[in-house]
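Trainee: Could you show me how to read helix packing and burial in a model?

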2 protein chains.
Amino acid sequence: MRTIILSAAIFVLASFAAAQNSQPQLNLMPMPSNVQLGRGQLPISQSFSVTITGHHDASLDLGVQRFQAQLSRQTGIPFWRKAGAPGILTVHADHGRDAVQKLDEDESYELTVTDSSANLAAPTALGALHGLQTFLQLVQVTPTGFVVPAVNIKDQPRFPWRGLMIDVSRHFIPVDVLKRNLDGMAAVKMNVLHWHLSDDQGFRAESKKFPKLTGMGSDGQYYTQEEIRDVIAYAHEHAIRVVPEFDMPGHSRSWVVGYPELASAPGPYTLESGDPIIDPTRESTYKFLDKFIGEMSKLFPDAYFHIGGDEVDGKQWNANPKIQEFMRAHGMKSNQDLQAYFNRRVQKILAKNHKRMVGWDEILRPDLPKTIVVQSWRGQASLAQAVKLGYSGLLSYGYYLDLMWPASRHYAVDPMADAAATLSPEEKSRILGGESCQWAEWVTPENIDSHIWPRNAVIAERLWSPQNVTDVDSMYRRLHAVSLDLEWLGLTHDAAREHMLQRMLGTADISSLRVLADVIEPVKDYNRWDDSKGPIDFHAPLNRLIDAVYPESDRARQFTALVQTFVQSGFKDQAAEAQIRAWLISWSDNDARLHPLLEQSFLLQEDAPLSQELSALGATGIAALDYIDKSQPAPADWRTQQQAIIDQAKKPQAGLLVMITAPVQQLVDAAAGPRN
Amino acid sequence: MRTIILSAAIFVLASFAAAQNSQPQLNLMPMPSNVQLGRGQLPISQSFSVTITGHHDASLDLGVQRFQAQLSRQTGIPFWRKAGAPGILTVHADHGRDAVQKLDEDESYELTVTDSSANLAAPTALGALHGLQTFLQLVQVTPTGFVVPAVNIKDQPRFPWRGLMIDVSRHFIPVDVLKRNLDGMAAVKMNVLHWHLSDDQGFRAESKKFPKLTGMGSDGQYYTQEEIRDVIAYAHEHAIRVVPEFDMPGHSRSWVVGYPELASAPGPYTLESGDPIIDPTRESTYKFLDKFIGEMSKLFPDAYFHIGGDEVDGKQWNANPKIQEFMRAHGMKSNQDLQAYFNRRVQKILAKNHKRMVGWDEILRPDLPKTIVVQSWRGQASLAQAVKLGYSGLLSYGYYLDLMWPASRHYAVDPMADAAATLSPEEKSRILGGESCQWAEWVTPENIDSHIWPRNAVIAERLWSPQNVTDVDSMYRRLHAVSLDLEWLGLTHDAAREHMLQRMLGTADISSLRVLADVIEPVKDYNRWDDSKGPIDFHAPLNRLIDAVYPESDRARQFTALVQTFVQSGFKDQAAEAQIRAWLISWSDNDARLHPLLEQSFLLQEDAPLSQELSALGATGIAALDYIDKSQPAPADWRTQQQAIIDQAKKPQAGLLVMITAPVQQLVDAAAGPRN
């Protein structure tokens with residue numbers, strides 16, 4: 001019977017999928033502000049071509065080339081043949097772009113597709129580039145061919161600043177990896193790369209004036225100025241600004257390894273340990289920063305410059321009598337006052353270099369000029385506070401990708417919600433947008449894509465689309481589609497997991513490991529590392545299962561939803577039950593296959609308890625279903641036993657969580673308690 | 001019951017795998033000429049490092065860098081940290097390499113690994129580069145860590161010429177794709193890239209003297225001279241020679257589009273059609289070739305130069321009175337005589353440029369100097385004929401990767417077998433080796449890797465390893481391992497199939513399509529295209545299922561072997577039967593899931609009959625097992641019905657073959673006939 005049920009259930013799912021395919025679904029992410037479906041569809045065949053009318057600039061030409069290359073990848077159709085006749089897609093930009101992209105440029109576009117042609121019009125090339133991304137997301141395979149449904153889309157972003165911060169200090173991220181992430185950002189219409197270039201563990205941007213910043217303040221892995229210019233140019237082509245961050249006065253160990261005179265206590269320092277902090281009381285510090293910021297301001301053309309300013313640990317200040325004397329002499333009552341003094345000095349240097357200062361929450365002090373931008377990692381309350389004081393603000397609270405949250409949780413965070421909801425329109429106008437943040441304690445070039453993508457796309461949608469675009473089911477459906485497009489672009493969030501699982505098992509046959517990997521997630525927030533273990537070794541390999549699995553398990557989410565459906569049906573939805581049972585069986589059976597393989601790999605031995613727990617949960621769920629089917633409450637001692645299994649499975653093992661405990665709990669509760 | 005059997009069967013397989021893992025298996029391909037296993041194993045951890053002693057040259061330095069990068073990919077361990085202490089692996093080359101790699105250089109090496117260190121020694125840097133590849137293949141994951149087993153390997157190639165020919169004319173293959181294939185060649189110790197740069201459909205090498213060769217004789221896709229030098233340099237770093245081929249006097253349509261005066265009939269010509277052939281009777285032809293070969297001889301430094309010479313269609317010669325008159329005047333009795341005259345003239349031009357001529361079988365004529373090399377695509381007989389006449393020879397017969405043969409069939413072809421087996425030692429010494437050939441009618445940059453790899457590795461083994469290395473089971477086991485290493489190197493033979501299946505279905509959920517794709521293969525030999533359909537459109541998309549599936553189905557091969565085991569056990573091997581049944585059930589059930597999805601994609605509709613046939617074969621096999629289990633012969637009418645199903649399934653559909661008809665036939669025969 002089990003197999004027959006399995007087949008039936010799979011058939012049901014397949015029918016769902018088929019039904020979905022048969023009606024035109026727009027897998028757009030971010031969702032445009034206005035979409036009107038038309039009748040019919042535009043075929044995408046070999047004769048498809050593009051004509052640019054209106055303003056012509058290099059970045060639009062390159063954008064169209066990339067568009068055609070990606071359309072080729074998505075369809076397998078070569079489009080390199082020169083088009084003779086007028087293009088089927090006409091791209092028209094009224095105006096070109098400035099050499100340096102500005103915050104407030106018009107990014108809007110209008111895309112109209114009929115059954116015979118398509119027209120993309122935009123005030124600027126920026127908008128046209130965004131519209132090309134929308135067109136790519138509209139392409140779908142149908143019974144008659146690749147098509148784009150007839151549609152009229154009028155679209156513009158909700159916020160002008162839609163960023164992704166990438167920390168390249170804790171683990172160095174090479175240029176090619178940055179570039180493919182810029183490709184991904186462009187695909188979801190993000191427009192700011194916030195490049196976290198220095199932190200305690202490594203200084204990653206070459207300074208010709210201060211070569212020891214990278215020479216001694218890194219492990220040898222850094223970006224040359226030529227590479228930095230290359231990344232900036234690449235970002236510009238992709239309609240993305242690049243904002244550099246050099247964190248100061250804290251998070252600054254990598255500065256002082258080569259330049260200990262910057263620190264608030266005598267050196268020498270090494271990259272590996274210590275909590276040095278820049279000394280804000282010495283004029284030599286500002287001479288250094290004047291030269292350094294002058295050099296970096298020329299290298300990074302963007303109007304904004306991020307000085308970090310977060311998490312200043314004042315121990316060195318407290319312990320230095322000269323600094324204490326300076327504070328007394330200047331009437332400073334706290335380290336916050338001293339940091340504010342430092343920020344004012346730095347801000348003046350930035351202003352001299354025509355840069356606007358950006359910093360984390362902690363820089364917020366009323367005595368700074370109103371030109372600065374506060375990036376809030378603490379919440380909408382601090383964001384609201386900043387804009388009430390007349391500053392501009394960005395939200396990053398709720399958008400920390402390294403916390404391993406599900407996409408839905410990021411999706412629910414809105415810059416205009418909570419404390420920001422009651423702001424005046426004028427205050428709200430100073431909320432420029434937000435940024436997702438990829439801190440790099442636990443990522444390498446190999447797995448960073450899967451930590452950023454596809455979840456980052458939902459934050460991109462939050463920052464682009466109207467505030468009322470909040471349907472979670474629709475979001476996940478569209479996220480699935482955009483994830484596939486992103487792999488076509490060259491991102492490796494799926495491919496890397498497969499390779500890493502193969503490495504751990506030592507074979508390409510990873511079906512049983514995949515069953516486990518599909519329903520586990522890394523522990524959340526900052527629970528991967530316990531500070532009592534000492535500092536993290538940033539040179540250690542990241543090749544364990546926790547490094548390979550996705551931050552969010554689609555399978556567990558689907559299973560949870562299915563159990564929900566089954567319970568809400570009063571346990572009558574037989575299709576749901578069949579699929580639930582099929583998955584429970586696959587988990588229940590899996591450990592027998594997987595366990596011997598785990599034992600053969602030192603990288604996987606630690607995961608053996610997880611595999612056992614998954615199988616135990618599967619068996620528990622099957623037994624619960626059997627009780628439910630019998631319409632009799634399960635005995636109390638059974639429930640006690642199952643509860644122990646569930647409670648055990650809730651505990652992290654090897655930094656990993658089995659994500660099906662809650663729905664199995666639901667089944668056990670239903671089996672044991674009164675039911676409709 | 002079915003599910004329980006399924007689980008049991010899978011468990012049995014898992015146990016096999018575990019048992020295999022527990023003893024040190026050397027997954028080396030090509031198998032070295034001498035391997036002595038030692039005791040213990042060398043751990044590969046973060047402290048692993050490499051020291052170069054002896055001769056130091058740039059290619060060895062780069063080779064060690066690539067080695068460390070690949071070791072990092074295979075293990076997930078970063079090795080970029082500078083090593084202070086002496087390396088755990090010492091690499092020593094007595095001598096460096098010439099600027100141009102020669103045919104007869106010493107490629108031998110000796111690799112000794114103990115439980116604490118490893119030593120790689122070679123007379124030349126070439127051998128050292130090969131030894132590094134062997135070391136990479138020795139790395140395995142174990143319960144205690146990544147290790148290399150203690151071993152002593154003394155190794156050298158059987159043949160000095162181990163090539164892969166890539167046709168870049170029919171479909172252009174970009175530089176990055178060539179480079180990753182060069183990576184793959186180096187991994188399996190192949191040392192010649194034979195670059196088929198011109199053919200009817202496109203001239204792909206830039207000539208500055210004759211710019212219309214690519215300007216009019218290609219679709220705009222060609223290699224600049226700078227790119228060609230880049231590929232040659234890259235190949236040289238990888239211990240690979242590059243031999244260019246410019247096919248003449250036939251296969252030359254792309255020459256005469258821009259230079260119709262070369263043809264044997266008046267133009268104009270287009271790339272799309274016509275069978276022009278170079279006119280060997282005009283002095284202007286040789287003036288052109290003198291200039292062209294002079295230019296290309298400088299561009300391609302290798303001592304060998306391939307002039308094609310195959311499949312000369314003499315229609316234009318026969319129809320041209322001046323050519324006929326020329327032949328009469330010079331006493332030529334056949335077009336072969338005229339081609340021989342042409343070859344002698346071309347050979348003189350090559351000799352003037354210090355090049356040795358290589359050509360296909362058809363150039364073989366006793367009046368050419370003994371310096372030429374004949375590449376046999378017709379068989380060992382023509383190879384033997386060539387070396388008996390004093391020429392050097394290469395075997396490509398049996399190594400045509402585009403024929404979609406299983407690896408085992410290529411593996412069984414030996415240059416010294418059949419007609420070549422009875423040659424004298426001196427004659428045999430003129431057999432230089434062989435080349436696999438990837439003709440490009442049906443490949444694009446997207447799927448060329450999966451047509452070449454991993455099968456090409458077994459041809460590499462045939463040309464490197466001792467003649468008595470012929471065990472097919474061992475070959476397939478090692479091929480599986482090397483395939484995984486090749487994906488780590490960046491080849492996309494597995495990844496591309498996944499992406500192509502996802503494209504066809506329009507979703508990342510391809511499990512049911514994978515079940516079908518895993519047991520089908522493209523039709524063999526030249527049966528994909530029927531000439532009555534007219535010429536192939538080389539600009540058409542190659543995005544159908546036939547373009548995505550592997551040339552050889554591992555699953556079908558495993559199933560065939562399992563049925564063999566079951567039959568040979570007198571139908572008593574229950575573990576084998578359980579696995580057979582499990583697979584039959586998965587196929588039998590699959591069409592219900594897959595069929596609705598196939599209908600939704602214009603690319604997959606043609607494959608619906610295949611899916612139905614696979615399910616029908618699954619059901620047939622299950623019924624046959626049931627009869628076998630009952631120990632009663634199946635009724636005659638049942639057998640007739642099943643035979644009809646099998647016969648139907650043997651017919652190609654959409655260019656594809658279901659590869660399990662033979663083992664299902666075996667089960668039906670067993671069910672219907674007398675059994676032990």
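Mentor: We will take domains, then a helix pair, then one glycine. Keep in mind that this model is predicted.

Trainee: Which domains is chain A divided into?

Mentor: Domain 1 of chain A covers 2–155, and domain 2 of chain A covers 497–672. Their C-alpha centres are 38 Å apart.

Trainee: How do I describe two packed helices?

Mentor: Use the angle between their axes and the distance between the axes. Take helix 24 (residues 636–650) and helix 25 (residues 661–672) of chain A: their axes come within 10 Å and cross at roughly 170°. An angle over 145 degrees counts as roughly antiparallel, so helix 24 of chain A is roughly antiparallel to helix 25 of chain A.

Trainee: Which residues make the contact?

Mentor: Helix 24 of chain A supplies A:Arg639, A:Gln642, A:Ile646, A:Ala649 and A:Lys650. Helix 25 of chain A supplies A:Thr661, A:Val664, A:Gln665, A:Val668 and A:Ala672. By class, this contact has five nonpolar, three polar and two charged residues.

Trainee: Now the glycine. Is A:Gly202 buried or exposed?

Mentor: Count the neighbours. The cut-off for buried is 20 or more other C-beta atoms within 10 Å. A:Gly202 has 26, so A:Gly202 is buried. This residue sits in strand 10 (residues 202–203) of chain A.

Trainee: What does A:Gly202 touch, leaving out residues up to four places away in sequence?

Mentor: A:Gly202 touches A:Ser169, A:Phe172, A:Gly217, A:Ser218, A:Asp219, A:Ser254 and A:Leu271. A:Val168 is 34 residues from A:Gly202 in sequence, yet the C-alpha to C-alpha distance is 8.1 Å.

Technical notes: Residues numbered from 1 in each chain as written. Chains lettered and ligands numbered in written order. Predicted model: local features only at pLDDT ≥ 70, side-chain atom pairs only at ≥ 80, totals over all residues. Axes fitted to C-alpha atoms, helices over the stretch in contact; angles between N-to-C directions. Helix = DSSP H or I, 4+ residues; strand = E, 2+ residues; numbered from the N terminus. Parallel < 35°, antiparallel > 145°, perpendicular 65-115°, else oblique. Contact = placed C-beta atoms within 7 Å. Nonpolar A, V, L, I, M, F, W, Y, C, P; charged D, E, K, R; others polar. Buried ≥ 20, exposed ≤ 12 C-beta atoms within 10 Å, placed from the backbone. Domains from an automatic or database assignment.
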